[in-house]
Amino acid sequence: MTDDGERDGTRTTSVRQQIDVASLARWMSCQRSLKHLLGPSDLEGRLSLKQFGFGQSNPTFLLKIEKDDEIIKLVLRRKPNKLAHPSAHALHREFRVLESISRYNEQLRSSNKASEFDRSVPVPYPHAYCKDEGVIGAEFYVMQFVEGRIFVDPRMTTMTSADRAAAYSDAVRILSNIHNVPWWRIGLERYGKRRPGQTYVERQLHTLLQVAKKQSELMEGGSNEEMSRVEGSIRQISLELQSHAAKCPDSFRLLHGDYKVDNLIFHPTEPRVVAVLDWELSTLGDSNCDLANLSMMYFMPSMEHGWGVAGLGENWGGTGIPTREQLISMYCEYSQLHEKVRRGLGEISDASPTMKPANLEEVKVWSGFYLSFLFFKNCVIVHGVAQRAATGVASSAQASKVAKLLPEMVRTTHKVQVSYPPPATSASKL
């Protein structure tokens, strides 16, 4: 595979969903948080747009601004024209969590408490949010452009085995950093709800079923017989998940919501993460879900057999990529390290009761259940891609290809559910 083929996450195309450049330029010129980047007047004549080709959810654009002898790059994220559910495409939440994490990172940098272990969470800096749909037809925000590599293929084939191992280690470290962010100290106290007697997974299942139902309605009779069978299978999978959801560990931490390799920007030449993208599904919830989301790649076909949700496929042993069991162990080791650092810095009294380190055995025995849940969740997401492709509002150039993977994804979900049942019915099978 060529280097370009592995970096489709940074590739741009012509604008597929038109934006009123004049209106956007006027709005940007009025934002104090952007003035230092924009240069002199007449922004419209110096502003150009391209649309990123990767990503099926929110249309994302590369903004280029001519300023003296340099080109300023920014990124614009907007909501799609049609929403399947009010909670979907929550860009305002994405912007909010980016603001909070940026503030947390600054607190770490300015703190007198030194630690050799870097606990920061690298994110693009969010510059300005626009709620006025009249500006470009939908809510949007503008954030920092981060230079680097986005690997659509989790095999990262252009890296050496040593760099690949280091890159995965750093990706797991950053995930642990996210789960150890003190959300109650950075303005995220109400970012997610914890209802007595109901786990995070239970609440998610209820919401996801509502979203799937609305998506089916938005297809406006476009569903065929195969799609009807797929939707029936999705409902059956959810019933099995619901029968175990009340018993799962249910930790309560800051959650990314879609943590995987193609939502990370790696340094242009080094095997380390320089930014975490796509926070629209972030919330406070069960951290096992993020770990399972990252682990889905072990069960997904490689890029040659499906674009957009590429997994590791087969024959990746010896490449520096950790096994699923190694990835879980690595995550728990980083979690223990966070606890050690907190104790060393005297922060234990400030820690939330839910911030206790991950228990390796507990994470192992429940890993199959969370995998099944995350596969189900992604079935609903891909079902949404199919809906947007059917109604002509898909934000990705590859949306139709992704939509065709839905039947295969549903079959894989069922297989994982049967092969890796929760501990209430069978021992774990890592």
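Biologist: How many of the residues in strand β3 are buried?
Modeller: In this predicted model, 6 of the 8 residues in β3, which covers residues 60-67, are buried. That makes the strand mostly covered.

Biologist: Which strands does β3 pair with, and in what sense?
Modeller: Strand β2, residues 47-52, pairs with β3 in the antiparallel sense over 5 bridges. β3 also pairs with strand β4, residues 70-78, again antiparallel, over 8 bridges.

Biologist: Which residue of β3 stands opposite Q51?
Modeller: F61. On the β4 side, T60 has R77 as its bridge partner.

Biologist: What about the turn between β3 and β4?
Modeller: The two strands form a hairpin with 2 residues between them. D68 sits in that turn and has a positive phi of about 55°.

Biologist: Switching to aromatics. How many pairs are there?
Modeller: The count is 13 aromatic pairs. One of them is F95 with Y141: the ring centres are 5.4 Å apart and the planes are at 65°, over the 60 degrees needed, so the pair is edge-to-face.

Biologist: Where do F95 and Y141 lie?
Modeller: F95 is in helix α4, residues 91-110, and Y141 is in strand β6, residues 140-144. The pair therefore ties together parts that are 46 residues apart in sequence.

Biologist: Are those two buried or exposed?
Modeller: F95 is buried at 9% relative accessible area, and Y141 is buried at 1%. Ring pairs also join F95 and Y141 with Y129 in a cluster.

Biologist: And F151 with F266, how far apart are the ring centres?
Modeller: The centres are 5.6 Å apart with the planes at 65°, so this pair is edge-to-face. It links distant parts of the chain, 115 residues apart: F151 is in the loop between β6 and α5, and F266 is in strand β8, residues 264-266. F151 is buried at 0% relative accessibility, and F266 is buried with a relative accessible area of 0%.

Biologist: Which arginines lie over the face of a tyrosine?
Modeller: R93 lies over the face of Y191, 3.9 Å from the ring centre. R324 lies over the face of Y420, at 5.2 Å from the ring centre.

Biologist: Is S295 buried or exposed?
Modeller: Buried, because its relative accessible area is 3%, which falls under the 20% cut-off.

How values were computed:
Residues are numbered from 1 along each chain as its sequence is written. This is a predicted model: local features need pLDDT of at least 70, side-chain atom pairs count only at pLDDT 80 or more; totals for chains, interfaces and linings use all residues. Side-chain values use heavy atoms; hydrogens and water are left out. Rings of Phe, Tyr and Trp (its six-membered ring) pair if their centres lie within 6.5 Å; planes under 30 degrees apart count as stacked, over 60 as edge-to-face and the rest as tilted. Helices (H or I, at least four residues) and strands (E, at least two) are DSSP runs, numbered from the N terminus. Buried means under 20% relative accessible area, exposed over 50%, partly exposed in between (1.4 Å probe, protein chains only). A charge sits over a ring if NZ of Lys or CZ of Arg is within 6 Å of the ring centre and within 35 degrees of the ring normal. Two strands pair if DSSP finds at least two bridges between them.
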